[in-house]
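Subject: Structure for your review

Dear colleague,

Please find below the structure that I am handing over to you.

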Amino acid sequence: MKNPALFHVLLDHLESVGAPPREVQRFVERWHRLRPHESFPCPACFLAGEEQPLMPLKVRGGFQPMVCTACHTCYDVATEDE
């Protein structure tokens with residue numbers, strides 16, 4: 001799996017906003033179809049029917065922030081160093 005730590009953070013986000021199980025499953029299926037050159041999709045935008053890329057920011061305090069270039073939602077992913 002590509003970036004399992006990020007995947008779990010994004011699934012936690014979908015759960016926290018009460019995403020329907022069908023939409024969560026669609027996100028999981030999309031994740032598993034990602035090609036190496038594709039960016040990770042923002043789950044907030046995915047629920048809104050769009051696919052927008054997440055961009056990594058500078059690691060801070062043991063976390064790798066990933067921010068959506070469209071909605072600016074930020075997801076903090078624990079680094080493996082911690």
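What pattern does the chain follow when read along the sequence? The pattern is α-α-α-β-β-β, and the secondary structure comes to three helices and three strands. The chain has a radius of gyration of 12 Å, close to the 12 Å that the globule rule gives for 82 residues, so it is as compact as a globular protein of that length. Please keep in mind that this is a predicted model.

Taken along the principal axes, the box filled by the C-alpha atoms is roughly 35 × 30 × 25 Å. Of the 82 residues in the chain, 32% are buried. The accessible surface amounts to about 5,200 Å², and carbon and sulfur atoms hold 52% of that surface. Among contacts with a separation of 6 or more, 35% are between residues 24 or more positions apart.

Proline 65 is located in strand 2, which covers residues 63-68. Is this residue, proline 65, buried or exposed? Proline 65 has a relative accessible area of 0%, and a residue counts as buried under 20%, so proline 65 is buried. Leaving aside residues up to four places away in sequence, proline 65 touches several others, including Met55, Leu57, Val59, Cys74 and Tyr75. Tyrosine 75 is 10 residues from proline 65 along the chain, and their C-alpha atoms are separated by 5.6 Å.

With kind regards

Definitions and conventions
Residues numbered from 1 in each chain as written. Predicted model: local features only at pLDDT ≥ 70, side-chain atom pairs only at ≥ 80, totals over all residues. Heavy atoms only, no water. Helix = DSSP H or I, 4+ residues; strand = E, 2+ residues; numbered from the N terminus. Rg over C-alpha atoms; globule rule 2.2 N^0.38 Å. Buried < 20%, exposed > 50% of the residue type's maximum accessible area, 1.4 Å probe, protein only. Contact = heavy atoms within 4.5 Å. Areas by Shrake-Rupley, 256 points an atom, 1.4 Å probe, with all protein chains shown as cover.
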